[in-house]
Amino acid sequence: MTTETVVEPRRNPVGHVHKVGYANRVIKKRKIKRRVTKRFESKAPMALQELYLSCKEVFKGPGTVPLPRDVERLCHLLDKMKPEDVGLSSALQFFQPKTAVKCTPRVTTTTIYKCDKFSLCIFFLPATAVIPLHNHPGMTVFSKLLLGTMHIKSYDWVSPPSADEPVQPSNLRLAKLVTESVFEAPCNTSVLYPTTGGNIHQFTAITPCAVLDVLGPPYSKEDGRDCSHYKDHPCSAISNGEMKLTEEEGNSYGWLEEIEMPENSQMDGIRYLGPQIVESRD
């Protein structure tokens with residue numbers, strides 16, 4: 001009896017396998033794989049993401065200037081932006097230094113986004129730091145002071161450069177003063193154009209500052225949009241035989257001398273660790 005009991009199930013192995021196979025088929029039918037679609041939410045605050053999308057529509061590339069309604073559109077967005085929109089806060093140690101910087105303060109910059117048509121970047125200036133007079137050839141620039149107090153000085157050329165214009169030995173060109181004021185955050189966005197609005201400007205930080213710049217198109221040596229630096233001289237200090245100015249008028253002008261980039265004005269690039277923009281496909 002014992003032997004028969006053990007051997008008997010093996011007399012019908014096919015049936016046994018058939019039952020197991022049937023059970024497996026039932027289980028497989030019940031296990032239905034479903035595709036799960038994951039929804040990715042934007043990591044950037046709405047203000048920053050909206051600025052990026054608007055820039056993609058506004059900037060058309062080199063040789064173009066945004067339309068007045070588009071300039072107003074970007075200014076409206078930038079005017080509402082807060083430091084938190086790019087991951088900054090006035091509570092950060094940079095904006096509340098315990099001791100004054102003894103050495104020459106260094107300016108740092110970080111790029112949020114860059115393409116051939118525009119770029120979004122932030123400049124960090126410790127107290128007393130200076131970005132000397134520099135130009136923005138063929139560019140439209142929106143500057144938004146996010147944090148701090150800053151002195152801004154800007155010029156426009158009195159006349160555009162001409163190929164027939166004789167080269168002066170002193171390498172001086174007359175420029176008209178556009179802005180010389182102190183700005184304190186929060187304040188409205190300033191805009192400069194390729195030939196107007198203060199295309200040549202200088203930043204001097206009174207307190208630690210953070211400036212959000214929108215440049216369209218961005219700097220590019222390959223495309224002839226390299227940055228030049230200048231030193232300004234009082235107009236009354238240098239005579240000009242072709243133009244007569246009263247003393248009062250002379251205060252509104254300056255002679256700009258192109259210089260090499262000052263060593264203490266070279267900027268250190270840092271990695272952007274703030275909210276990430278979700279890029280859209282054209």
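Visitor: Where is Ile206?
Guide: Ile206 sits in the loop between β8 (200-205) and β9 (209-216). Keep in mind that this is a predicted model.

Visitor: Is Ile206 buried, exposed or partly exposed?
Guide: Ile206 is partly exposed, and its relative accessible area is 44%.

Visitor: What does Ile206 touch, not counting residues up to four places away in sequence?
Guide: Ala127, Thr149, Met150, His151 and Val182, with residues up to four places away in sequence not counted.

Visitor: How far apart are Ile206 and Ala127 in sequence and in space?
Guide: They are 79 residues apart in sequence. In space, C-alpha to C-alpha, Ile206 and Ala127 are 5.3 Å apart.

Visitor: And Thr149, where is that one?
Guide: Thr149 belongs to strand β5. At 15% relative accessibility, Thr149 counts as buried.

Visitor: Why does 15% make Thr149 buried?
Guide: Because buried means under 20% relative accessible area, and Thr149 has 15%.

Visitor: What does Thr149 touch?
Guide: Leaving out residues up to four places away in sequence, Thr149 touches Val182, Phe183, Glu184, Ala205, Ile206, Thr207 and Cys209.

Visitor: Let's zoom out. How many helices and strands does the chain have?
Guide: Five helices and twelve strands.

Visitor: How much of the chain is buried?
Guide: Buried residues are 38% of the 282 residues in the chain.

Visitor: What share of the contacts with a separation of 6 or more comes from residues 24 or more positions apart?
Guide: They account for 81% of those contacts.

Visitor: Helices next. How do α3 and α4 pack?
Guide: Helix α3 covers residues 46-58, and helix α4 covers residues 68-80. They pack at an angle of about 170 degrees, and their axes are 10 Å apart. That angle makes α3 roughly antiparallel to α4.

Visitor: Is the crossing of α3 and α4 left-handed or right-handed?
Guide: The crossing of α3 and α4 is left-handed.

Visitor: Which residues make the contact?
Guide: From α3, Glu50, Leu51, Ser54, Cys55, Glu57 and Val58 take part. From α4, Asp70, Arg73, Leu74, Leu77 and Leu78 do.

Visitor: How do those residues divide into nonpolar, polar and charged?
Guide: In the contact of α3 with α4, six are nonpolar, one is polar and four are charged.

Visitor: On to charges. How many salt bridges does the structure hold?
Guide: The structure holds four salt bridges. One of them joins Arg73 and Glu57. Their closest N and O atoms are 2.7 Å apart.

Visitor: What does the pair of Arg73 and Glu57 tie together?
Guide: Arg73 lies in helix α4 and Glu57 in helix α3, so the pair ties together parts 16 residues apart in sequence. Arg73 counts as partly exposed, at 31% relative accessibility. Glu57 is partly exposed too, with 45%.

Visitor: What about Arg106 and Asp268?
Guide: Their side chains meet in a salt bridge, 3.1 Å from N to O. Arg106 lies in the loop between α4 and β1 (108-114), and Asp268 lies in strand β12 (residues 268-269), so the pair ties together parts 162 residues apart in sequence.

Visitor: What does Thr108 touch, leaving out residues up to four places away in sequence?
Guide: Ile122, Phe123, Phe124, Asp268 and Ile270. Thr108 is in strand β1. At 19% relative accessibility, Thr108 counts as buried.

Visitor: Which residue does Asp232 form a salt bridge with?
Guide: Asp232 pairs with Lys153, and their closest N and O atoms are 2.8 Å apart. Asp232 lies in strand β10 (residues 229-234) and Lys153 in strand β5 (residues 149-157), so the pair ties together parts 79 residues apart in sequence.

Visitor: Are Asp232 and Lys153 buried or partly exposed?
Guide: Asp232 counts as partly exposed, at 23% relative accessibility. Lys153 is buried, with a relative accessible area of 17%.

Visitor: Last one. Where is Leu146?
Guide: Leu146 is in strand β4 (residues 140-147). Leu146 is buried, with a relative accessible area of 5%.

Visitor: What is Leu146 in contact with?
Guide: Neighbours within four places in sequence aside, Leu146 is in contact with Met81, Lys82, Pro83, Val86, Leu88, Ala185, Ala210 and Leu212.

Definitions and conventions. Residues are numbered from 1 along each chain as its sequence is written. This is a predicted model: local features need pLDDT of at least 70, side-chain atom pairs count only at pLDDT 80 or more; totals for chains, interfaces and linings use all residues. Side-chain values use heavy atoms; hydrogens and water are left out. Axes are lines fitted to C-alpha atoms, for helices over the stretch in contact, and angles run from 0 to 180 degrees between N-to-C directions. Helices (H or I, at least four residues) and strands (E, at least two) are DSSP runs, numbered from the N terminus. Angles under 35 degrees count as roughly parallel, over 145 as roughly antiparallel, 65 to 115 as roughly perpendicular and the rest as oblique. A crossing is left-handed if the near helix is turned anticlockwise from the far one by less than a right angle, and right-handed if clockwise. Contact means heavy atoms within 4.5 Å. Ala, Val, Leu, Ile, Met, Phe, Trp, Tyr, Cys and Pro count as nonpolar, Asp, Glu, Lys and Arg as charged, and the others, Gly among them, as polar. Buried means under 20% relative accessible area, exposed over 50%, partly exposed in between (1.4 Å probe, protein chains only).
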